[in-house]
Amino acid sequence: MAGPAPRPRDWPARYRRLAVLLDFLSMLAAGMAALVIRFPGASTGRNLPYVVFGALLPFAWVLTHVLSRAYQPRFVGVGYEEFHRVLRSGFVLTATVAIVAYATKTEVARGYVVMAMPLGTLLNLLARYRLRKWLHRRRWQGDYMRRVVAVGHRDALADLIRLLREKAYHGMDIVAVCLPPGHAAGDVEGVPVLGDFAASASVVERVGADSVAVLACPEMDGVALRRLAWQLERDDVELVVAPALMDVAGPRISIRPIMGLPLLHLEHPELAGGRKVLKDLVDRMFALAGLAVLSPLLLCVAFLIKVTSSGPVMFRQVRVGRDGEEFTVLKFRTMVADAESRKHELLASNEYDGVLFKIKSDPRITRVGRVLRRYSLDELPQLINVVRGDMSLVGPRPPLPDEVARYGGDVYRRLVVKPGLTGLWQVSGRSDLSWDESVRLDLRYVDNWSLALDLQIMWKTWSAVVRGSGAY
């Protein structure tokens with residue numbers, strides 16, 4: 001996949017060609033594997049229909065992706081929608097094969113279909129995942145970016161520019177900004193101001209942009225946005241509008257047109273009911289399975305702690321859970337036995353902003369403890385807390401009572417769900433995050449949690465643990 005980066009407007013076509021090729025090869029490999037497994041040693045004449053079927057299957061797979069709009073540029077690189085559409089294609093194609101076989105009374109070996117379709121979908125998901133990671137690496141190098149003209153007020157634009165620079169994998173490179181009339185001068189975070197709102201379309205043509213991002217501002221009302229869309233559609237320039245909603249996931253937002261006016265409908269987060277019961281059940285089942293599988297590792301870690309330092313193997317500490325209820329969290333001890341009594345001596349060395357206490361080179365941490373913290377092995381006993389019902393596998397970080405006592409305003413919302421063994425804070429930088437960023441991630445999880453999001457976070461947790469970044 002290496003090679004020179006295409007011109008800004010050419011890269012979506014190249015990415016699409018790579019995606020089509022990988023989709024085709026994934027289903028071709030699955031069809032061949034299913035043929036060999038289902039009909040081992042069979043003569044060519046006997047399994048010729050399945051050879052033909054396996055050869056046609058990749059073409060049908062790509063066509064199903066086209067019908068599912070799995071190749072649209074807006075699904076590329078960010079979010080789960082790209083993978084969701086691959087899964088949808090798998091269900092659609094499997095159902096289509098079953099219906100056609102039934103309607104035409106064609107005898108099809110169920111074992112072949114049961115192997116080929118799920119295997120092809122799985123291989124395709126893995127291929128798309130690797131393709132996405134490759135795209136992210138190229139974007140960190142400055143390639144495969146969308147050239148964006150941002151329209152809005154100075155402060156909001158500055159926040160957006162800083163965010164997109166920190167998260168380059170989103171693929172949006174703001175090359176120019178447009179400010180309200182009377183403020184169109186200078187630059188914003190190093191990005192030149194090339195005009196006011198009325199000049200947005202001409203600025204796009206001037207810098208060769210392929211996208212315009214309009215932030216929430218009263219000057220860009222419905223009429224102004226419609227006129228801008230008319231001006232941009234001639235050059236096929238993408239227009240995206242950011243509503244004044246922060247950290248709200250797509251599934252909670254729907255559009256309800258009323259008399260030609262598109263109204264955003266915001267669903268309340270589901271914090272109770274059947275989905276909550278299902279989450280609790282899944283948490284406890286996975287935690288029990290994890291304890292069973294990891295028991296040899298847990299015993300080994302306990303032995304190392306016992307023979308290398310004095311004190312108990314387990315560290316017990318009171319934390320605050322859902323609805324402010326306190327519980328005792330379990331962790332492997334990573335510090336000297338009198339660590340808590342020595343904490344006041346180190347308060348002046350606190351390296352964290354906000355209510356947390358963190359020191360990268362904390363002198364109280366033992367040699368074994370440093371390794372355990374780097375790879376989050378000290379957190380594994382919290383699986384027992386999950387089984388007990390005190391914690392969830394995924395959720396906000398479990399706070400200390402003295403931290404909660406210093407909470408203010410919106411931060412209390414972290415306590416409406418169970419704290420988690422892992423969470424958005426874990427996969428986004430852990431202790432390297434600022435206090436405000438940690439709170440923002442926890443509140444985003446509370447407002448948008450779902451089983452799909454939990455699975456996504458648990459998948460990303462493995463990568464964060466292996467890297468060991470932000471763990472101390």
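**Exercise 1. Determine which residues Asp378 touches, where Asp378 lies, and whether Asp378 is buried or exposed.**

Solution. The model is a predicted one. Begin with the contacts: when residues up to four places away in sequence are not counted, Asp378 touches Lys331, Phe332, Thr334, Leu372 and Arg373. Finally, consider its accessibility: the relative accessible area of Asp378 is 3%, and because the cut-off for buried is under 20%, Asp378 counts as buried.

**Exercise 2. Carry out the analysis for Val313, and state how far Val313 is from Ala337 in sequence and in space.**

Solution. Locate the residue first: Val313 sits in the loop between α8 (274-308) and β9 (314-320). Its relative accessible area is 18%, so Val313 is buried. Then list its contacts, leaving out residues up to four places away in sequence, which gives Ala302, Ile305, Lys306, Lys331, Phe332 and Arg333.

**Exercise 3. Describe how helix α1 packs against α4, and decide how the two helices are oriented.**

Solution. Take the geometry first: the axes of α1 (residues 11-38) and α4 (residues 110-140) come within 8 Å and cross at roughly 150 degrees. Because an angle over 145 degrees counts as roughly antiparallel, α1 is roughly antiparallel to α4. The crossing in which α1 passes α4 is right-handed. To characterise the contact by class, sort its residues, which gives 22 nonpolar, six polar and five charged.

**Exercise 4. Which residues make the contact between α1 and α2, and how do these helices pack?**

Solution. Start from the axes of α1 and α2 (residues 48-67), which are 9 Å apart, with the helices packing at an angle of about 150 degrees. The two helices are therefore roughly antiparallel to each other, and α1 passes α2 in a right-handed crossing. On the α1 side the contact is made by Val20, Asp23, Phe24, Met27, Leu28 and Leu35, while α2 brings Tyr50, Val51, Gly54, Leu57, Pro58, Phe59, Trp61, Val62 and His65. Sorted by class, these residues are twelve nonpolar, two polar and one charged.

**Exercise 5. Identify the residues of the largest nonpolar core that touch the most other members, and say which elements supply at least two residues each.**

Solution. The largest nonpolar core has 19 residues, and those touching the most other members are Val149, Val151, Val204, Val212, Val214, Met220 and Leu228. Turning to the elements, β1 (146-151), β2 (172-179), α6 (200-207), β5 (211-215) and α7 (222-233) each supply at least two residues of this core, and α6 gives the most, with four residues. Met220 can then be followed through its contacts, which, apart from neighbours within four places in sequence, are Val151, Phe197, Val214, Leu225 and Leu228. A second, separate core has 18 residues, including Ala30, Leu57, Tyr112 and Leu125.

Technical notes. Residues are numbered from 1 along each chain as its sequence is written. This is a predicted model: local features need pLDDT of at least 70, side-chain atom pairs count only at pLDDT 80 or more; totals for chains, interfaces and linings use all residues. Side-chain values use heavy atoms; hydrogens and water are left out. A nonpolar core is a set of buried Ala, Val, Leu, Ile, Met, Phe, Trp, Tyr and Cys residues joined through side-chain atoms within 4.5 Å. Buried means under 20% relative accessible area, exposed over 50%, partly exposed in between (1.4 Å probe, protein chains only). Contact means heavy atoms within 4.5 Å. Axes are lines fitted to C-alpha atoms, for helices over the stretch in contact, and angles run from 0 to 180 degrees between N-to-C directions. Angles under 35 degrees count as roughly parallel, over 145 as roughly antiparallel, 65 to 115 as roughly perpendicular and the rest as oblique. A crossing is left-handed if the near helix is turned anticlockwise from the far one by less than a right angle, and right-handed if clockwise. Ala, Val, Leu, Ile, Met, Phe, Trp, Tyr, Cys and Pro count as nonpolar, Asp, Glu, Lys and Arg as charged, and the others, Gly among them, as polar.
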